[in-house]
Amino acid sequence: MKRLANLKRLGFFTRLLDEAPPADRYRFAAEQIVRAETAGLDSAWIAQHHFHEREGGLPSPFTFLGYVAAQTSRIRLGTGIVTLPLENAVRVAEDAAVLDLLCNGRFELGVGTGGNPSAFVAFGLDSAQRNEIFARNLDVVRTALVGKPLEGGDTLYPQRPQLDDRIWQATFSVAGGARAGKAGDGLLLSRTQPRTKEAPKATLAEIQNPVIDAYLEALPPGREPRIMASRTVFVADDRTEAMRLADIGLRRALPQFLKGGHAKPGETLEEMIAAFDTHVGAADDVIASLRADATLERVTDLVFQAHSVDAPHPHILRSIELVAEKVAPALGWARTAPDVALAG
């Protein structure tokens with residue numbers, strides 16, 4: 001039986017894409033994270049998206065996670081990601097420090113270059129400069145968190161140097177993997193990536209394993225690797241029902257998928273599932289599908305999300321339970337006892 005030997009933690013990722021008004025979206029997402037904690041998961045992650053309802057619908061991740069922190073007690077709460085070039089770096093450090101204190105040290109700070117080019121225009125920035133802005137802002141965040149003087153001489157209050165060891169960087173590229181490794185940060189890998197014209201049939205593992213290689217090579221000696229892979233996972237009690245919901249969700253997501261630079265898939269559901277890098281079905285189907293993903297043999301954290309299936313809320317709640325009860329244990333994950341603190 002193939003198990004994920006390095007897997008230490010299991011998480012849930014919500015994109016807040018329910019077919020519902022924004023208040024209901026936020027309520028549903030909070031309920032899903034509470035269900036994830038009840039099911040014994042180690043972490044829960046949310047993404048920041050400005051302006052675009054069909055991409056995620058949550059511009060204020062710190063506010064939302066503060067709301068969720070009040071409803072949970074054990075599960076770690078992470079941003080996957082804060083679009084750092086669009087933020088004031090000092091305010092990110094302040095919000096992160098306050099949130100981490102309020103949730104008793106459960107916060108994980110995931111950052112990335114993000115986002116939609118039109119969002120950069122709205123913020124008065126040039127998306128072509130996102131990498132330079134990201135690097136500059138991340139330096140300021142680190143400086144602030146550890147209590148070093150900022151420009152003008154002020155220091156952060158409250159300081160939270162512990163968070164400097166809980167920064168994660170998201171990337172699609174080998175260069176980004178090296179950057180995260182050199183900094184000693186965690187590495188965030190996406191649930192899917194566009195294929196190049198040169199390798200249109202490449203597997204996700206063939207794209208992401210070189211990123212992991214670069215990360216590990218750049219990691220300082222003695223620094224423990226933190227490698228998180230997000231994956232689209234939707235499990236139902238019945239395979240037929242899972243496929244019915246996947247057919248609805250993936251076809252609905254197709255326009256946004258193509259807009260993101262992906263090649264147009266074939267018309268069959270099986271071709272759609274493959275193109276979206278989706279793991280869907282009953283528990284046994286998903287176990288077999290995840291075991292075939294060679295990237296996952298190297299990760300320390302597996303985080304699953306229902307996007308792009310985006311089934312109705314009750315089905316996502318059930319999927320969370322089935323992943324925790326049946327899928328993840330078959331891959332080597334063991335539920336942490338409620339009274340045992342997780343490594344931060």
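**Entry 1: the model**

I am working with a predicted model. I kept this in mind for every value below.

**Entry 2: the largest pocket**

I began with the open spaces. The largest pocket has a volume of about 1400 Å³. I counted 49 residues along its lining, and the closest to the centre are Arg 15, His 49, Gly 115, Phe 172 and Ser 190. Next I looked up which elements give two or more residues to this lining: they are helix H5 (130-145), helix H6 (174-183), strand S7 (186-189), strand S8 (227-235) and helix H8 (239-259). H8 has the largest share, six residues. I then sorted the lining of the largest pocket by class and noted 16 nonpolar, 25 polar and eight charged residues.

**Entry 3: the second largest pocket**

I moved on to the second largest pocket, which holds about 710 Å³ of space. Its lining is made of 30 residues, and those nearest the centre are Arg 195, Ala 202, Ala 274, Ala 275 and Asp 277. Helix H7 (204-218), helix H9 (269-275) and strand S9 (278-281) are the elements that give two or more residues to this lining. Which of them has the largest share of the lining of the second largest pocket? I found that H9 does, with five residues. By class, I wrote down 13 nonpolar, nine polar and eight charged residues for the lining of the second largest pocket.

**Entry 4: strand S8**

S8 had come up in the lining of the largest pocket, and I looked at this strand next. Are the residues of S8 buried or exposed? Nine of the nine are buried, so S8 is largely enclosed by the rest of the structure.

I checked the two faces separately. In a regular strand the side chains alternate between the two faces of the sheet. On one side of S8 I listed Ile 227, Ala 229, Arg 231, Val 233 and Val 235.

S7 runs parallel to S8, and three bridges join them. Leu 188 has Met 228 of S8 as its bridge partner. S8 also runs parallel to strand S10 (residues 301-305), with five bridges between them. Here Ser 230 stands opposite Val 303 in S10. Four bridges join S8 to S9, again in parallel. The bridge partner of Phe 234 in S9 is Val 280.

**Entry 5: aromatic rings**

How many aromatic pairs does the structure hold? I noted seven. I took one of them, Tyr 26 with Phe 64, for a closer look. A pair of aromatic rings is described by the distance of the centres and the angle of the planes. For Tyr 26 and Phe 64 the values are 6.3 Å centre to centre and 55° between the planes, and the pair is tilted. Tyr 26 lies in helix H1 (residues 22-38) and Phe 64 in helix H2 (residues 61-69), so the pair ties together parts that are 38 residues apart in sequence.

Tyr 26 has 26% relative accessibility and counts as partly exposed. Phe 64 has 6% relative accessibility and counts as buried. Tyr 26 and Phe 64 form one aromatic cluster together with Tyr 67.

The charged end of Arg 226 sits over the ring of Trp 168, 4.8 Å from the ring centre.

**Entry 6: the cavity**

About 40 Å³ of space lies in the largest cavity. Its lining consists of Leu 10, Val 233, Leu 290, Leu 302, Phe 304, Val 323, Val 327, Ala 328 and Leu 331. S10 and helix H11 (313-331) each supply at least two of the lining residues. H11 gives the most, four residues. By class, the lining of the largest cavity has nine nonpolar, no polar and no charged residues.

**Entry 7: Ile 81**

My last item was a loop residue. Ile 81 lies between strand S3 (76-79) and strand S4 (82-83). With 15% relative accessibility, Ile 81 counts as buried, because the cut-off is under 20%. I also looked up its distance to Gly 112: Ile 81 and Gly 112 are 31 residues apart in sequence, and their C-alpha atoms are 6.0 Å apart in space.

Conventions:
Residues numbered from 1 in each chain as written. Predicted model: local features only at pLDDT ≥ 70, side-chain atom pairs only at ≥ 80, totals over all residues. Heavy atoms only, no water. 1 Å grid on protein atoms, 1.4 Å probe; cavity = no way out; pocket = protein on both sides within 12 Å on 5 of 7 lines; lining within 4 Å. Points joined across faces, edges and corners; volume = space filled by probe spheres on them. Nonpolar A, V, L, I, M, F, W, Y, C, P; charged D, E, K, R; others polar. Buried < 20%, exposed > 50% of the residue type's maximum accessible area, 1.4 Å probe, protein only. Pairing = 2+ DSSP bridges. Phe/Tyr/Trp six-rings, centres within 6.5 Å; stacked < 30°, edge-to-face > 60°. Lys NZ or Arg CZ within 6 Å of the ring centre and 35° of its normal.
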